[in-house]
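Here's a quick rundown of some ring contacts and a surface feature. Have a look at the model, then read on.

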Amino acid sequence: MFAKIISDVLNKFLGKYIENLDGSQLKIGVWGGDVELRDLDVKESALDELDLPVRLVCGHIGHLKLKIPWKNLFNERWEAAVEGVYVVVVPKTSIQYDAQKEEKLLHESKLAALQRVEDARLKQQEIEKGDQTANQDGFFEKLCSQIIRNIQIFIKDIHIRYEDGLSCQNSQFAAGITLSNLSIQSTGADWIPRLDTSKLVYKLNTLDCLGIYWNADANLIAQNGHDKSGMIKCLKELVTSQDYIPQGMNYIIGPICSAAKLQLNPKPEQPDENGKTFSIPFASLDFVMDELAVGLSRRQYSGIMALLDSFDRLQLSSKYRKYRPQVSKVTGNAKDWWHYAYNCQLENIRRVHQNWSWEHMKEHRAKCQKYKVAYKAKLENKLSGGMSKDIEGCERALDVINITLIRRQAEMEVQREGRLRKQEKQKRGWFSGWFFGGGEESDTKDKEEGNLAMKLKSAMSDEEKQKLHEAIGYSESGPPPSYPEKFVDILLKFLLKHLTVTITDEDTGGACVMQLKLDEVISVVENRSGANALRVVASVQSFIVEGYALEGSVPRLVSSEIATSGAPLLAVMFETNPLDQKCDQRVTVTAQPLQIMYHAQTIIQISDVFAPPKDVSLQQLQAAALSQLEVVKERSVTGLQAAIDNHSILDLNVSFAASHIIVPENGSYSENCSAVVVTLGSVQMKSKPRAKDSPALTELVSRGHSQEEVMDIVRSSSYDHFIIELTDIQALVSLTAEDWRSTLSSGKASPLHLLEPTTLHVDLLKCLLTNDPNLAKVKINISLPSVVLSIADERLLQLAYIIHSIPKGEGGTEPEEITDFDQSDDLSQSVANEDVALVRLEQAKLSSGKERKDTPQFTNLELCFTIDEISLDLKKKHGAGYQSLMRGAALSASIDLTHRTFDLSVSIILGGILVESGNDRLLSTPQGPPGAVCYPHHTHFRRAVDLQAKPAGPRAIPGLASSHN
């Protein structure tokens, strides 16, 4: 049975892509247990089905080997080896339009989009129903583990190359992927390759020299006049290995060398050597990568942008391919090209007029009705041959959104009619079940037919099935074991010792413009299926960014300052359903301080390297990126809404140490130079604990609580409370040879400060009950004790000098505005709207029609900002110190903002103003006794803005006590 399946698959796959393949010889080799093919040529039509603007010039497979021990299928090694795969692809200069093929590809893409929508809906329904039938049978998992135990895979010398001399106007490039060796072997517990028959499965995965390269101004193999053997020889010489690195290969990623150790425990329920059950994970992967190098140069970036622009233009003009003239040049064919432009523009005009014609609307409605009737018959298993044709025809004519909407309507009507029939059956009695029953059997049969494991078991004979069950340790009689909540069944460990990202510029002799270095990137993932829990821990030990070297010295733009010995620079932990059961999700983030240095020449060089070409306009790619962004936002909002509906408790603890930003004079830091230094302040963000099992309302009432006390308790438990605190935010201007580091570490005000140390406190409350108009959805309370700005004449002049001394790059010419004839200005918005609509349809729930209720007015946001004092102190240089000229302060200011569904109100309160010069008080508005705060009177207007001063003092400033609505 297995031999027939493998023989058919190989004949179908290889015969489709390999020239002159003898299917009968391949079948004989499979039945004999050994298949060995050499010097296979790939058909030039192998890529035609993908409908890509490329064609295959050379395709070769040096050696293909498959060894299957049929006599002892489950206890001996399987081997699959591929060696010497060389492919050269070049762009197509002209693509012939095929109407039938175009319609077929469009219909297939539409069906694929519909299938994605249906799969997402089915998955969502399974999650809501808690359907775990897919995990109740461990047959498929045990079969996979047994196959993994026996199979050995060897892949060697792979080179796939794309050569292009058309996309870039003044240069040609070659890009590709090379792989020296990839092996997956069975080993023993000592990780030495051999076939081990112990309880655990050990697999050693080795990756050698996998890389992606981009060679600008490359020598194109396809244009050098080589025959096929010559091209294969050139491709083979360009494969990088650990002992050989060919010249002229500019890798964007890699070459990568890594090792992964996989350990499988097919029977975790059985005792280990110490007699403990569920002590070894079902799957454990330890992945180690010594170094990952990522590099990009100016010409590589320009080539990538030119290639993307070429594909973008092809995608943009694809809908007008049927009008494109079959000529290669514009010169001498002006009439054909003018007809092409005319027909393209005319199609847009015709489409707009057709969409808004009554005949088209009537025809569209008729197709929708016909499709709904046919789809309902399909759902009820009453589909006839004519209706099948109606479904196929309507699906070709209608778009994805209309088809999905009609399907949802049909499903809703079928469910409603099914409920009515069920009620009629109940009225008739049990006797009608003899005539109307039997639906569940067909549903069960369909489920079994859709299960891959059930298909495999049904295709096997009883003898083969018994041997397979004995080999993989599976029993149909006993149920699969359930995992304990503390058992970690999947454990993944990842270690990247060094990550380097390098930006170079060929115009400066290949100099390094910027280099980013990360050391000891560690990640650990633990999955506990018994508790539906996941735990992810990640850390980074150090982070360094070096800039463009001037006069031999390499500036350091970003460096880590480890405050705690041995602590990582960044540590992140995310956990769901933790063992202590105090919350539903837990997030912990800890970051050590960074020192960020501004280096003007590096910024200028980086902006020059990544300056986009003038003639590049990636409208289609921008539309696709915007579409994906909107889809991600929609899914994120949906996930957040689900978390709110489930009342999940989040334990959040974020701690960022204070980082410094240094802007030196002349844009380059040197010892004892003047500089502007800004400290971002240490950030602490925590979630206020909320009781997971809060008492019920009836229990509160039985305890004797009043109605107001009960409502206060309900309101407090209806919010997730987060506390954010920024400590020691400050900015200073340092003159030459001043010690600003000790000033920052002291945390005290000094003559160097432009902004004296201050603290910001934020209370963020997120409501869990989004359907209650009495509770604000978001509450934000921001408080500042004091903000003191100290401006001295000497330091103000020094600040202006530092800003003026920083070099600026040459202002580049703005790209010319490109106007397209196909009205693509709204392209990105239309694509994004369509994809977001599909996402919403995926998650839409069927509901019966009900009367539309009036929309209540919800409070979306309540914002309260208070500041005790904000002052500005003007000083002048006086001897060795500074003399205060004038000081102004605003006291006890607050802003209250309430945003509701239909209105917005803002209330601004100013407690007092103080202006003084030396010992003379020029202006003073006393605040009165503590707590004497006068709040403005509110009236519900569409827009309301209230300004009011406290009238407690003997003199009120004219205008401050007025109210403006």
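Helix H7 (residues 334-355) holds both Trp337 and Tyr340, three residues apart, about one turn of the helix; helices here are DSSP runs of H or I, at least four residues, and strands are runs of E, at least two, numbered from the N terminus. Keep in mind that this is a predicted model, where local features need pLDDT of at least 70, side-chain atom pairs count only at pLDDT 80 or more, and totals for chains, interfaces and linings use all residues. Residues are numbered from 1 along each chain as its sequence is written, and side-chain values use heavy atoms, with hydrogens and water left out.

**Aromatic pairs**
- Trp337 and Tyr340 pair edge-to-face, 5.8 Å centre to centre with 85 degrees between the planes (ring centres of Phe, Tyr and Trp, its six-membered ring, within 6.5 Å; under 30 degrees is stacked, over 60 edge-to-face, the rest tilted).
- Trp337 counts as buried at 18% relative accessibility, and Tyr340 is buried too, at 9% (buried is under 20% relative accessible area, exposed over 50%, partly exposed in between, with a 1.4 Å probe and protein chains only).
- The whole structure has 11 aromatic pairs.
- Phe278 and Phe487 have ring centres 5.2 Å apart and planes at 65 degrees, so this pair is edge-to-face.
- Phe278 and Phe487 sit 209 residues apart, each in a loop, and both are buried.
- Tyr162, Phe173 and Trp214 make up one aromatic cluster.

**Charges over rings**
- Lys777 lies over the face of Phe858, 5.1 Å from the ring centre (NZ of Lys or CZ of Arg within 6 Å of the centre and within 35 degrees of the ring normal).
- Lys877 has its charged end over the ring of Tyr882, 5.0 Å from the centre.

**Strand S24**
- Leu885 is in strand S24 and counts as partly exposed, at 39% relative accessibility.
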